Amino acid sequence: MPITQDDLRAAVPELDGTLRVRGLHASAEIVRDAIGVPHARAQSVHDAFFAQGFVHAQDRLWQMEAGRRGAYGRWSEYVGRSGIPQDRVMRRLRLRESAQADYASFNDETRAMLDAYARGVNAFIESTPAVPVEYRIVGGAPEPWRPVDSCAVYKFRHVMMGSWSQKIARAHQLRTIGADALMKLRAGTEAPTPIITTADLDYRSTDDHGAAQVLNDAELAGLAELWAGDAGSNNWVVHGSRTASGVPLLAGDPHRQLDVPNVYYQNHLTCPDWDVIGFSFPGVPGFPHFGHNARVAWGITHVGADAQDLYVERFAPGDPTRYAYQGEWRAAECTEETILVREADPVTVSVTVTQHGPVIVGDPAKGYAVAIRALPLAQPDDTLGTILPSMRARSVAELDEAMRGWGDPCNNLVMADVDGGIGYLTRGRLPIRSQANAWLAVPGWNGAHEWEGEIPFEELPRSRNPAAGYIVSANNRIVRDDYPYYIALDYAPGYRAERINARLAALPHATAADMAAVHADKRSLPSRVYLRMLQTLVPRDARSADAKERLLAWDGIMSPDAVAPAIFAAWREQILGLVLAGPVLAPLFQGGGSPRPGQRQGMLTPRVRQSFLMLMEHNDTSLLAPGETWLSLLAEALTRAMAWLEEQLGPDVNEWRWDCIHRTRSTHNLSAVFPELASLLDPPSVGVGGDADTPQAGGYGGIENNSFRVMGTSVARYVFDLADWDRSGWIVPLGTSGHPGSPHYADQRIAWSEQRLEPMCYSAGAVDRCAQSRQFLEPG
């Protein structure tokens, strides 16, 4: 069915006037500001969450639909065969059953919150004459929202961010290139890094207990498409002793892949019990990651905790319903599920669950398969039960205590209160078990690798009002080696944390504007090593000589309007590509006869990039071809980089600005299925500075994909000024609305690309002054 711009505009709901809606207890008001952010005013907690469900659906109903169908393994019903790999994994993980268990375990106030939110979503669905245009595209209609759907959407947002994918990848690497080469890929983990609070583990077993044999190339490729990759983020909090106001400042920016619409949603809820503003997940009530009430502010980054284990299960010969455990055969829970597929035959999925958890890869009928154990899948998770206590918290101490029930994901939580306190907490439930579980899949049949409990809440890493006067987290190492519990095997390189620490150390009287400037820091620390190597490099042609001269004169700042960052990035990618194509690592990418598109780039995590840098710095040539040196490889890479840039940008080097190739290309989740509609659904592209190693995050696809398309980047930025909440600011990459026909679909993208923040109106007076529309909800 053809879709026009008029159809897009017709699908945008009314944001003015008065509506009578079922389920509301008293009158409520929704004020929207200049960028479309809703500020909901309600007369009770119930009605505040009702209003939040209403505005979430009003702006993001299709995004909520996609999240719910994704969680339940029903995405293929709308997008066809392309959705089958995701649906198969989600059916095996049993997110529906897990969400139902969570909801049944919640206390009364948490269930009441979810119930009120669902009533608000359904009130919008029942009252609106305009539904998102995507339903027309796929030939569907909104289904009623259930309270348990919010639990499922939250799990769906986080289940692929865990450590299990790294263990699968290690098994493949160990099988293919051997232990010595695998350890070279981990050289970066030995690099010095800032520590958030004040454990290092390097278990080096070379026995994967058959996990790699369970994997076939097709299954490995399918899983790779779903992995969330290296989720980054920055956050920091500054004590009042180091601010101009004498009151704390808290700031940060989460890094994820760019979604359309954005993963986070700006909104504000006010009722007699609390007044909270921040970012939420459409489909989920509250403000679990970033926000503040009248007294306390909070923000998180991803810990990267190892809270998921893989167990190789041995199944009985000829009977995949039984598995071995300590000398006996136990009955597995086995079911069959049917995935309906748009314009194709249904697909049957076998679901097998052992005492360790659901089988995620492999076929039990073949004798072995791998099961995943994760706390939010293994038992009810009370994460959403912490939302209301956190919204009521009046101090850092109260907010810390409110996190007692937080389960997943594990976060670096920074906090501040108006009385001057600042703090840090590693929030989340972390299992205690054998160190062998950290590295690879472990045998599930011998009982030697069972979980032995959890790290007690009181013993989770914390910091309160440190002498330095500030706390920084950027996915870097959390504790020193003397911490008694294992948290993670891998952390992000310390580049971003080092830069943020340096910026804050130089600010004795910090302001909100200073915090925004830290967001915009583009200095590349890894470039220093490359430039030192470049000094002794002999260029192979005139183009390379010009590149060398430009790079040695460069200040290391990945500015969007500069030429040197483009040359540096292209050179670096060619270096990495040549190493991966060498005889040692090339076998990793040759399953099925030839490399799969994007597979090499997917392996180039920040940790692997750091490892290559350390090998280069120490002149370790063990991953290079025989007779190859780093200088010869760097010279060849520079020649190739200049040729690639000329092909892409033309012969005039002065026109090779970084933002010409380092650009966003956000794609709607239906664009690939309906490419003829991509020009209507996809928001415009913008060029940006920075890269994956700078505080202004801008990870990219790389030369292998013939693109420096921005991938992992800031999906929100915020500064909370506790001296005057109305001096706070925020921004997202696109806009508040998920409707392609709305003026707020992508109206924040230019300010975001230029690292500017929009005002965060909080006080009643500020909200009224910035009001652009008002909508009144009445019980009906």
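Q: Why is Trp 658 called buried in this predicted model?
A: Buried means under 20% relative accessible area, exposed over 50% and partly exposed in between (1.4 Å probe, protein chains only). Trp 658 has a relative accessible area of 0%, so Trp 658 is buried.

Q: What makes the pair of Trp 658 and Tyr 700 edge-to-face?
A: Rings of Phe, Tyr and Trp (its six-membered ring) pair if their centres lie within 6.5 Å; planes under 30 degrees apart count as stacked, over 60 as edge-to-face and the rest as tilted. The centres of Trp 658 and Tyr 700 are 5.9 Å apart and the planes stand at 85°, so the pair is edge-to-face.

Q: Is Tyr 700 buried or exposed?
A: Tyr 700 has a relative accessible area of 10%, so Tyr 700 is buried.

Q: How many aromatic pairs does a search of the whole structure find?
A: The search finds 26 aromatic pairs. Phe 279 and Phe 290 form an edge-to-face one, with 6.1 Å centre to centre and 90° between the planes.

Q: Why are Phe 279 and Phe 290 called buried?
A: The relative accessible area is 1% for Phe 279, so Phe 279 is buried. For Phe 290 the value is 0%, so Phe 290 is buried too.

Q: What lies over the face of Trp 451?
A: Arg 373 does, at 4.5 Å from the ring centre. A charge sits over a ring if NZ of Lys or CZ of Arg is within 6 Å of the ring centre and within 35 degrees of the ring normal.

Residues are numbered from 1 along each chain as its sequence is written. Local features need pLDDT of at least 70, side-chain atom pairs count only at pLDDT 80 or more, totals for chains, interfaces and linings use all residues, and side-chain values use heavy atoms, with hydrogens and water left out.
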